[in-house]
Amino acid sequence: MVVYEQEGVFIHSSCGKNDDQDSLIAGILRVIEKENEVVVDWRPLDETLDTSNILCAGKDSSSVVEWTQTPKEKCSRGADRPSSYEAEWDMVTTVSFKKKPHSNGDATTHANRESKWSFLFSLTDLKSIKQNKEGMGWSYLVFCLKDDVKLPALHFHHGDSKSLIKCLEKHVVLNESPHDERVLIVKTQKSLSQSFENLFDEPSYGLLQKWKKDPYVVTMGKFSKVTNYIVGSLRSSDQSNQRRPPSEMADFLNDTIPGLKINQQEEPGFEVITRIDLGKQPEVSRREPVSAEEWAKNMDSEGRILDVDYIKRLIFKGGLCHTLRKEAWKFLLGYFPWNSTKEERANLQKRKTDEYFRMKLQWKSVSEEQEKRNSRLRDYRSLIEKDVNRTDRTNKFYEGEDNPGLILLHDILMTYCMYDFDLGYVQGMSDLLSPVLYVMENEVDAFWCFVSYMDQMHQNFEEQMQGMKTQLIQLSHLLRLLDSGFCSYLESQDSGYLYFCFRWLLIRFKREFSFQDILRLWEVMWTELPCQNFHLLLCCAILESEKQQIMDKHYGFNEILKHINELSMKIDVEYILCKAEAISMQMMNCKELPQTVSEILGIENSLVTPDSDTGEDESGAELSCPTSLYQSISTPVIAANGTRDGAQQAAETQSLTPA
């Protein structure tokens with residue numbers, strides 16, 4: 001989007017020698033906003049390349065709104081504009097300003113070879129602006145980039161250079177230099193994050209500072225790209241100069257997420273849980289997915305689920321066959337009450353359909369004039385349109401252009417902004433919605449299931465990141481109990497805050513497993529078995545599986561980050577589910593479980609206390625045993641080592657009846 005445009009901005013190609021018109025090059029200066037990237041672009045009037053076709057789109061060329069544009073709109077846009085967000089930015093990269101050594105006072109270098117004088121740069125590269133006034137009445141500005149690269153002076157023959165300064169001050173802080181009142185120095189970026197094309201000009205700690213400013217953007221999209229660069233660059237340099245002091249790294253996440261306190265050492269005020277013997281992890285196996293026949297057997301003639309706990313146990317142990325997901329997920333996510341009849345659910349859907357389309361109409365009926373005066377809605381729409389165009393595009397449900405799945409994804413997210421306008425849209429929500437819509441294949445059902453899922457995930461996306469703060473603290477407690485030695489190693493490598501788990505927790509492993517595996521993983525987690533916060537035990541299971549390699553190869557800060565990131569799409573979901581369940585049983589069977597861990601897992605009432613070997617409390621009532629969750633389920637197929645047991649296979653033939 002063009003936020004500033006000014007004609008009559010000249011470069012004096014022979015400035016100071018004469019005032020002949022041949023020495024003046026007239027041009028257009030533009031400031032363009034694009035997904036947290038702000039670009040300053042000057043080019044001659046006679047240049048054939050139209051910058052707006054590269055950088056600007058009325059509603060972004062990635063917008064799903066464009067798919068239903070009128071013939072008039074199609075004609076006005078032209079035929080040559082790139083059709084995707086990525087394509088646009090690929091083109092921008094090819095014409096962006098490149099910093100190179102200069103000689104003979106020539107301060108211009110241009111990726112666009114068609115013009116000697118054209119230039120384009122990002123505000124993230126801007127160091128200072130020198131401003132001055134000519135005797136003839138016009139003013140000029142000189143942009144100085146980082147590394148002291150100076151661009152040609154821009155002369156405002158029609159005046160109004162102050163408007164440009166005011167425009168730039170919306171995106172950067174400009175302070176007057178104490179040494180020269182004509183120089184404005186760029187201080188702090190106001191935008192949430194920089195373009196990731198610029199990350200490669202900075203050392204590893206620069207990346208962490210960006211993560212500190214905007215953990216969502218850094219975590220969601222670019223860690224693999226960045227960490228590969230970081231590790232490579234540090235291996236070729238003196239690591240002693242790059243390494244941050246441990247005390248500084250120990251405070252990193254605490255600064256990022258206010259209130260975060262993770263025990264890096266056994267300090268006063270923290271439970272000492274490093275000496276507890278958890279015992280050996282039990283062998284755990286999994287069964288086949290719940291079949292349509294099993295589901296039907298557990299439903300009465302009116303459509304009620306006969307035994308909710310039993311069906312949840314079945315789902316936890318094996319997941320669901322795909323044909324059941326469309327129905328069962330509505331129960332798991334709370335859209336359908338477990339005790340409802342088929343008729344009650346049909347009536348509920350009618351009411352919810354009406355409610356959904358009333359909310360959808362709210363944003364659909366907003367005029368362009370209204371939206372110009374509603375910056376929050378405008379920002380939500382812009383971010384949604386960009387994210388939708390990049391979500392699961394390799395999945396057949398969302399691939400290709402003019403895909404109806406993408407239109408539904410966009411409309412549901414826009415309607416959610418109407419449902420929860422305070423939260424609106426935050427990057428990552430499209431990842432949570434995509435599998436839900438894929439399974440439901442229905443706009444209304446997908447929306448209400450997504451609403452229920454967001455009720456669980458809401459705190460992850462709030463500005464204060466309360467959910468992320470809490471989960472990182474809880475994960476630290478669990479991992480220290482499970483393996484204090486590994487925790488100590490991570491702390492020695494400035495990694496004790498488990499920041500590399502941020503993406504796992506933020507969007508529930510969506511980027512770590514294949515699309516089909518994430519369907520299985522989520523439906524298992526939605527059973528809320530075998531304890532609270534089972535997803536944290538999944539984190540523990542993955543980390544425990546990787547600790548040997550991390551420690552044996554003496555991975556440091558950057559190697560750990562790179563290794564964990566590169567696990568994406570390489571994790572065996574069934575193995576990790578077995579291992580996480582084994583960890584849960586190991587902890588629940590521990591008679592000395594720390595109170596903090598008991599509260600995290602929500603199992604304090606189901607523990608056998610150290611005083612009792614009888615399985616009864618003081619009143620004589622039998623305490624619940626953690627393994628009783630699975631006693632009524634045949635568990636035939638996949639063990640933690642990935643093998644099948646003959647006796648387990650025989651158990652597949654046994655009939656399953658509600659407990």
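Here are some notes on the predicted model above, point by point.

1. Ground rules. Since this is a predicted model, local features need pLDDT of at least 70 and side-chain atom pairs count only at pLDDT 80 or more, while totals for chains, interfaces and linings use all residues. Residues are numbered from 1 along each chain as its sequence is written, and side-chain values use heavy atoms, with hydrogens and water left out.

2. The overall picture. The protein chain has 28 helices and twelve strands; these are DSSP runs numbered from the N terminus, with helices being H or I of at least four residues and strands E of at least two. Of its 659 residues, 54% count as buried, where buried means under 20% relative accessible area, exposed over 50%, and partly exposed in between (1.4 Å probe, protein chains only). Take the contacts (heavy atoms within 4.5 Å) between residues at least 6 apart in sequence: 68% of them join residues at least 24 apart.

3. Helix α17. Twelve of the 16 residues in α17 are buried, so the rest of the structure largely encloses this helix. Among those buried residues are L406, L409, H410, D411 and Y416. Their packing partners are α14 (342-364), α16 (375-388), α18 (429-440) and α19 (443-461). The length works out too: α17 covers residues 404-419 and should span 22 Å at 1.5 Å a residue, which agrees with its end C-alpha atoms being 22 Å apart. The expected span here is 1.5 Å times one less than the number of residues.

4. α16 has 14 residues and reaches 20 Å from its first C-alpha to its last, close to the 20 Å expected. In the loop between α16 and α17 sits D392, with phi near 50 degrees, a positive value in a residue other than glycine. Most residues other than glycine have a negative phi, and most peptide bonds are trans. D392 counts as buried, because its relative accessibility is 18%.

5. How do α13 and α18 pack? Helix α13 (residues 322-332) meets α18 at an angle of about 115 degrees, with the axes 9 Å apart. Axes are lines fitted to C-alpha atoms, for helices over the stretch in contact, and angles run from 0 to 180 degrees between N-to-C directions. The two helices are therefore roughly perpendicular; the classes are under 35 degrees for roughly parallel, over 145 for roughly antiparallel, 65 to 115 for roughly perpendicular, and oblique for the rest. On the α13 side the contact is made by H322, R325, K326, W329 and K330, and on the α18 side by P435, V436, Y438, V439 and M440.

6. V436 and the end of α18. V436 lies in α18 and counts as buried, because its relative accessibility is 0%. Not counting residues up to four places away in sequence, V436 touches W329, A446, C449 and F450. V436 and R325 are 111 residues apart in sequence, yet their C-alpha atoms are 9.6 Å apart in space. In the loop between α18 and α19 is E441, a residue other than glycine with a positive phi, near 55 degrees.

7. Helices α20 and α26. The axes of α20 (residues 466-482) and α26 (residues 573-588) come within 12 Å and cross at roughly 75 degrees. That makes this pair roughly perpendicular. L478, L481 and L482 in α20 meet I583, Q586 and M587 in α26.

8. The loop between α11 and α12. N298 sits in the loop between α11 (292-297) and α12 (308-318) and counts as buried, because its relative accessibility is 2%. The N298 side chain reaches the backbone oxygen of D307 at 3.1 Å. M299 is found in that loop between α11 and α12 as well. Leaving aside neighbours within four places in sequence, M299 is in contact with R304, I305, L306, E327 and R345.

9. A cis peptide bond. The bond from L529 to P530 is cis, with omega near 0 degrees. P530 is found in the loop between α23 (515-525) and α24 (534-552).

Methods
A polar contact is a pair of N or O atoms within 3.5 Å; within protein, one must be able to donate a hydrogen and the other to accept it, and residues adjacent in sequence count only if both atoms are side-chain atoms.
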